[in-house]
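User: I would like to go through some of the labels given to side chains in this model. Please set each value against its cut-off.

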Amino acid sequence: MASGSQQHPADPRVAFTAELVRLRRRLPDMSDETLARRATSAPLPSGRRVTVNARRLGEWLNGRSVPRDFDQVLALVRTIEAAGGGVAAGMPPGRPVEAWRRLWRAAQDHRTVPAPSTTKADLVVGRPPSDAASLRDRPALSSVIDEALRDDGVRQVLLTGPGGAGKTQLAAAAFHRFRAGGGLVAWVPAAARQSVLTAYARVWRAIASGALDRPASPAAADGHGHDEETQADLLMAWLRAADRPWLIVLDDVDDPAELDGLWPAGERGRSIVTTRRRDAMVIRPSVRVIPVGMFAAAEAEDYLRDRLSVDPAVGRGEPADAELAALATALGHFPLALSQAAAYLIDTGTDVSAYRRLVEDDRERLADLFPPSSPADGHDRTVATTWRLAAGRAATLAPPGTVSRMLQLAAVLAPTGTPEAVLLSDAACAWIGGSTRDALLALRALHRLSLLDHHHGVVTMHALVQRAVREAVPAEQAALLARAAADSLEEIWATADGDPGLAAAMYDGTNAVRRAFDGHLFEGGMHPVLRRLPEHLATVGRAAAARDTAENLLRQARSDRDVLFLRMEVARSVGDLGDPAGAHAVLAPLRREAERLLGTDDPDTLRIRLHEARQRFEVGAAEAAVHDMLALATAAEAALGADHRLALAARRYAMVCRGLSGDAAGARDGLTALIDDLRDHLGPRHPEVLGTMSDAGRWIGEAGDPDGAVATYEAAAEGFTAVAGALHHETLTARHNLAYWRGLAGQLDPAVQEFTVAASDAERALGSRHPTTVTFRVNLAYWKGLAGAPAEGRTELARLQHVVEEVFGPAHPRSLRVRQQLAELRHRSGDPAGAIQDLAATVAAMREIQGPDHSRTREAADLLGRWKADRPV
């Protein structure tokens with residue numbers, strides 16, 4: 001518990017804090033959260049309830065702030081007295097409430113009256129806007145501003161960012177801080193040249209009248225006898241020659257060109273400029289550029305908490321922190337949106353969680369959620385309209401018509417980041433009606449006006465601004481815009497081969513277009529980019545999401561080709577989720593239907609054949625699957641060419657199936673040859689090459705070279721880490737397999753260490769119940785058992801068994817494998833009889849589910865035979 005402020009004892013804030021701390025100590029076993037909650041729920045004698053927040057309570061007890069409302073103090077006093085009895089120490093008996101009120105009032109008055117200063121501004125001209133109703137200090141930004149104003153090399157501080165980000169409030173706070181230093185301080189509305197001239201003339205007249213120099217200097221004596229242009233010129237000359245400090249704040253500069261000749265300059269002074277602009281005209285060597293963006297998450301939540309605490313009716317009492325955090329996230333931590341949302345909640349009495357649901361519902365219009373009737377603090381525009389002025393100005397900076405079209409295109413893509421290539425693609429250029437250069441000029445114009453950010457080849461745009469722009473798109477253009485965005489994404493996604501990061505960005509962008517204009521992407525057939533969604537999810541190991549996405553698309557698909565493709569993706573996901581028999585039962589007739597409707601050599605028909613053969617192997621027909629894959633590879637090469645991805649995939653799967661059917665050396669040789677071909681066509685670091693290396697590693701080991709398997713997996717893991725990142729699904733899988741083969745190569749301790757790290761990373765990247773994470777955890781427990789702790793490993797593996805069966809299903813090969821591993825660890829623990837019994841039951845289940853010829857069934861049966869043979873008669 002803090003002991004209160006360490007200021008001078010005469011400070012009434014100290015006295016108030018000390019009494020509050022003394023009162024709080026009566027309930028040492030009650031947390032601040034519980035005390036705040038009880039004080040909030042306790043009615044006062046007037047019947048009123050007030051909000052007491054635990055975080056604010058901590059600030060009061062530490063002397064950092066004073067309650068705004070005395071009823072908050074009263075609620076605390078009554079709550080503590082009710083729980084602990086008696087009156088607060090030092091309070092006069094009989095008049096405790098009045099004594100508290102005097103203490104609180106003295107602290108309030110002391111807090112609000114500025115401390116006397118030996119220096120103050122000699123002349124203040126102009127009036128900054130009033131503080132916001134719940135002003136955020138934003139100390140990090142304020143510190144950067146103050147540091148820049150003290151820097152001898154800085155003459156101007158440029159606060160730049162989107163409209164409604166809080167630039168003016170930060171400038172106003174700096175204006176007030178600067179006043180204590182003496183000299184001239186002026187606030188100048190700068191949206192237009194005339195408003196600057198008028199303000200400058202006013203400043204000059206004040207100087208000329210002797211308000212700054214007493215008596216008036218001869219040079220200033222005739223200051224009233226000129227027009228505003230001349231008076232502005234006189235002020236500019238005075239600033240250059242001034243012998244005292246000055247600060248000019250130019251607020252809301254719209255067009256820097258209009259201020260030509262009016263930029264303040266002089267050795268003794270500084271200027272602060274607030275603007276949306278990020279042009280070369282305002283970014284100069286003597287200018288310190290300070291971007292002003294969204295609130296941090298904590299700032300946004302605190303703003304809502306403080307703003308809504310003035311009206312306990314909002315949200316039926318103090319909203320929970322989780323509700324405020326969710327609303328702040330839904331609003332993108334946008335200061336203007338937070339301010340207007342708080343005003344709307346107070347004005348309408350809407351529940352916080354109900355309002356959040358409205359914000360998250362794209363069917364609701366921003367004009368209704370942020371109406372002018374509930375204005376934001378000190379801002380004359382709403383969330384729904386603040387972008388319009390900036391868009392109009394940006395339109396003058398690029399070829400006619402291109403900026404509005406580029407803004408619309410950016411507004412339907414992923415807000416978190418879109419590669420610039422999408423917005424400069426041929427399809428994007430066709431949409432804006434210009435060349436690649438025109439598209440770049442339009443994109444930069446939007447960046448210059450802070451409507452979006454274009455840095456390092458990536459474009460980001462605030463989701464609420466996107467939504468406002470989309471709502472302004474004429475209905476007759478919506479379908480064309482949706483197709484243009486989808487065409488742009490498809491054009492770039494087609495080039496993403498070998499770039500997992502680019503593929504992920506295209507996935508996010510396509511989902512953003514679906515959320516905005518889903519129905520338009522099925523007009524005239526499903527747009528090709530939508531086919532990539534389930535394929536991408538399957539590639540990164542998200543089989544359940546791939547199934548759900550394909551099923552969702554299937555509900556809207558109409559053409560035979562689209563329906564066949566999506567039914568194949570659903571079946572493929574079902575197989576990947578552990579039901580190969582169910583998947584094969586769908587794929588076999590689906591392939592026959594595709595042959596009838598599309599033809600035997602059609603790429604989609606061949607793709608269905610590929611997945612049919614994969615699932616055929618999984619149900620135990622290994623030799624037949626190898627035959628099918630080799631036949632498919634031949635057919636694909638004939639129809640599509642030997643270098644086609646489908647033909648190469650068929651070759652790869654054929655070799656994997658060959659290995660799983662018992663021919664490890666054949667699989668090794670076939671995959672090694674395939675790696676050489678892929679390197680020639682795709683390069684050494686292509687994911688297809690690395691994935692094939694990962695496949696080959698197993699069969700190199702199975703063919704009798706575990707050290708070679710380790711080396712191969714090391715190269716694959718290193719390559720995937722460089723290309724896709726440490727947490728990509730393929731990287732994680734390669735690292736897992738590397739650990740597995742280290743164990744088989746006798747490197748047990750390093751294997752357990754790598755399993756531990758890989759499992760932890762998988763959980764961080766995918767979640768604790770993702771199939772990949774569960775598999776890693778299972779093998780970590782198993783190899784702990786093999787590395788010398790069989791009892792510990794068996795206990796951990798037994799704990800995971802029910803998780804495996806819940807995630808995969810009891811009949812999944814992974815569930816059967818866990819049963820085998822448990823039996824192996826039981827055998828190592830010194831219970832061979834029990835282990836034989838367990839493994840016999842597991843082999844019987846494997847024969848029934850996978851078939852007697854499945855590689856895993858044969859492996860377990862061989863192990864059971866060896867155990868029985870080793871048992872003494």
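User: Why does Cys657 count as buried?

Analyst: The model is a predicted one. Cys657 has 5% relative accessibility, and buried means under 20%, so Cys657 counts as buried.

User: And what makes Cys429 count as buried?

Analyst: The relative accessibility of Cys429 is 7%. That value is under 20%, so the label is buried.

User: How many disulfides does the structure hold?

Analyst: Zero disulfides are found. The criterion is a pair of cysteine sulfur atoms within 2.5 Å.

User: Why is the pair of Tyr740 and Trp741 called edge-to-face?

Analyst: The ring centres lie 6.2 Å apart, which is within 6.5 Å, so the rings of Tyr740 and Trp741 pair. Their planes stand at 75°, over the 60 degrees required, and therefore the pair is edge-to-face. Tyr740 and Trp741 are both buried, and they belong to a cluster linked by ring pairs, together with Phe755, Tyr782 and Trp783.

User: What makes the pair of Phe70 and Trp104 tilted?

Analyst: The centres are 5.6 Å apart, with 50° between the planes. An angle under 30 degrees would be stacked and one over 60 edge-to-face, so 50° leaves tilted. Phe70 lies in helix 4 and Trp104 in helix 5, 34 residues apart. Both residues, Phe70 and Trp104, are buried.

User: How do you know that the charged end of Arg405 sits over the ring of Trp431?

Analyst: The charged end of Arg405 is 4.0 Å from the ring centre of Trp431, and the distance limit is 6 Å. Arg284 likewise lies over the face of Trp263, at 5.5 Å from the ring centre.

Note on methods: Residues are numbered from 1 along each chain as its sequence is written. This is a predicted model: local features need pLDDT of at least 70, side-chain atom pairs count only at pLDDT 80 or more; totals for chains, interfaces and linings use all residues. Side-chain values use heavy atoms; hydrogens and water are left out. Rings of Phe, Tyr and Trp (its six-membered ring) pair if their centres lie within 6.5 Å; planes under 30 degrees apart count as stacked, over 60 as edge-to-face and the rest as tilted. Helices (H or I, at least four residues) and strands (E, at least two) are DSSP runs, numbered from the N terminus. Buried means under 20% relative accessible area, exposed over 50%, partly exposed in between (1.4 Å probe, protein chains only). A charge sits over a ring if NZ of Lys or CZ of Arg is within 6 Å of the ring centre and within 35 degrees of the ring normal.
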